[in-house]
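Hi everyone, thanks for coming.

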Amino acid sequence: MKKIQSLLVGAMALTAVSMANAGTLVINSDQADPAPKKAFAEIVQKFEGENPDITVKYNLYDKEGYKTAIRNWLSTSPPDVVFWYAGNRMKAFVDRGLFEDVSDVWKKEDLKTNMPSATPAMTINDKQWGIPYTYYQWGIYYRKDIFDTLGLSEPKTWDEFLAVNAKLKANDIAPIAIGTKYLWTAAGWFDYLNMRTNGLDFHIDLMDGKIPYTDPRVRKTFEHWKVLVDNGYFLENHASYSWQEAQPFMYNGKAAMYLIGNFIAPNFPKELDGKMGFFQFPQIDPAVGMAEDAPMDTIHIPAKAANKKDARKFLEFMARADNQTLVNAALLQIPPHKKAHAPDNYFLNKGVEMLNNSSGTAQFYDRDTDPSMAQEGMKGFQEFMVKPERLDAILKRLEGVRKRVFK
């Protein structure tokens, strides 16, 4: 690999990258974990092989430090390409004029056809602002062997789901494992209940601050949630567990289901091989499309980048099916390009099929809405799961936050 510079730095040692010279492509990345680090070293080497006139300078940062530093780079002397996320996190930079419109790359690579489920997440004001290279499904992971013992099948509808919960509870098994010590896990329940109750368009409008939290349709979402809470279907004392600390309850058979992202799959114990299953969050209203949470990682060209010509070449390169296959083989995740191939894995195969047939995707509550709204919203969700009788006060409080944040 020609002059590839890999700098893993902490949050305290971050500095802006100087402007690129012609023929040098400066890329700042947060993909510092071993698997993605190796995958992108391979990607950079391949890109340079196909573009011998371009030298890549690949700067690697730890994730937490990167989140702080990118705000400084984008408004001062940015690199030519940055790694980031879809949804509101992307929108925040688009709204401030810090990301380049790359609709031309989308048109050239026919990405609206090749990445249909990713298109809404990358589109603002009818323009596209980056290239997604990986995503993963959310859904309900469950103990197939427990279901089999109790004569249960995967529920497709809300009524079937409630019946499964009731049967598990009657057999002294916590139906739903969850840990809400870190608030985002409760947000997954809000996302799915709201999307299944009111649809994706309503959900995104709520995320964008266009709908009051006191709207009766939002209340209806919580009423579905309240049925699960009131019947004691969630793991007891969930507010004292992180998402990782709640997992053993499912592994030792004390709980049966977990609504979570596919990042849980590598944690399944060997002794449960063949005993874990996955199903799509059930339908609540047949008139409402089956949208999914599918958080997506992305690359972008800063608006003030020095070498936008070569940056576009890299985005085109990363949009190709063969390169999306290569990266996701290492990440054990799903490529957004429908002609690319995810690794052959039971859970990913289920996820690919589900997402390819979805009516659209959301990014996840804390990626889809304003960060200040997300923090207060997630506090409210956790509070509701512990004290459902406070619903009116919680919704009133969240509406106050919405008015303040979205003005």
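So, in what order do the five strands of the open sheet come? The order is β2-β1-β3-β12-β6, and the pairing is mixed. Before I go on: this is a predicted model, where local features need pLDDT of at least 70, side-chain atom pairs count only at pLDDT 80 or more, and totals for chains, interfaces and linings use all residues. Residues are numbered from 1 along each chain as its sequence is written, and side-chain values use heavy atoms, with hydrogens and water left out.

Two strands pair if DSSP finds at least two bridges between them.

Axes here are lines fitted to C-alpha atoms, for helices over the stretch in contact, and angles run from 0 to 180 degrees between N-to-C directions. Inside the sheet, β1 (residues 24-29) and β3 (residues 81-85) pair in the parallel sense over two bridges, with Ile 27 opposite Val 81 in β3. Lying across β1, β2, β3 and β6 is helix α1 (residues 34-50), which runs at about 165° to β2.

Next, helix α17, residues 371-386. Its 16 residues reach 23 Å from first C-alpha to last, close to the 22 Å expected at 1.5 Å a residue; that expected span is 1.5 Å times one less than the number of residues. At the N-terminal end, Asp 370 caps α17, with a side-chain oxygen 2.9 Å from the backbone nitrogen of Ser 372. For that, a polar contact is a pair of N or O atoms within 3.5 Å; within protein, one must be able to donate a hydrogen and the other to accept it, and residues adjacent in sequence count only if both atoms are side-chain atoms.

Which residues of α17 are buried? Among them are Met 373, Gly 377 and Phe 381. Buried means under 20% relative accessible area, exposed over 50%, partly exposed in between (1.4 Å probe, protein chains only). The cover over these buried residues includes α9 (184-198) and α18 (391-406).

Last stop: Gln 283, in the loop between β10 (276-279) and β11 (292-293). Gln 283 counts as partly exposed because its relative accessibility is 23%.

Key. Helix = DSSP H or I, 4+ residues; strand = E, 2+ residues; numbered from the N terminus. Contact = heavy atoms within 4.5 Å.
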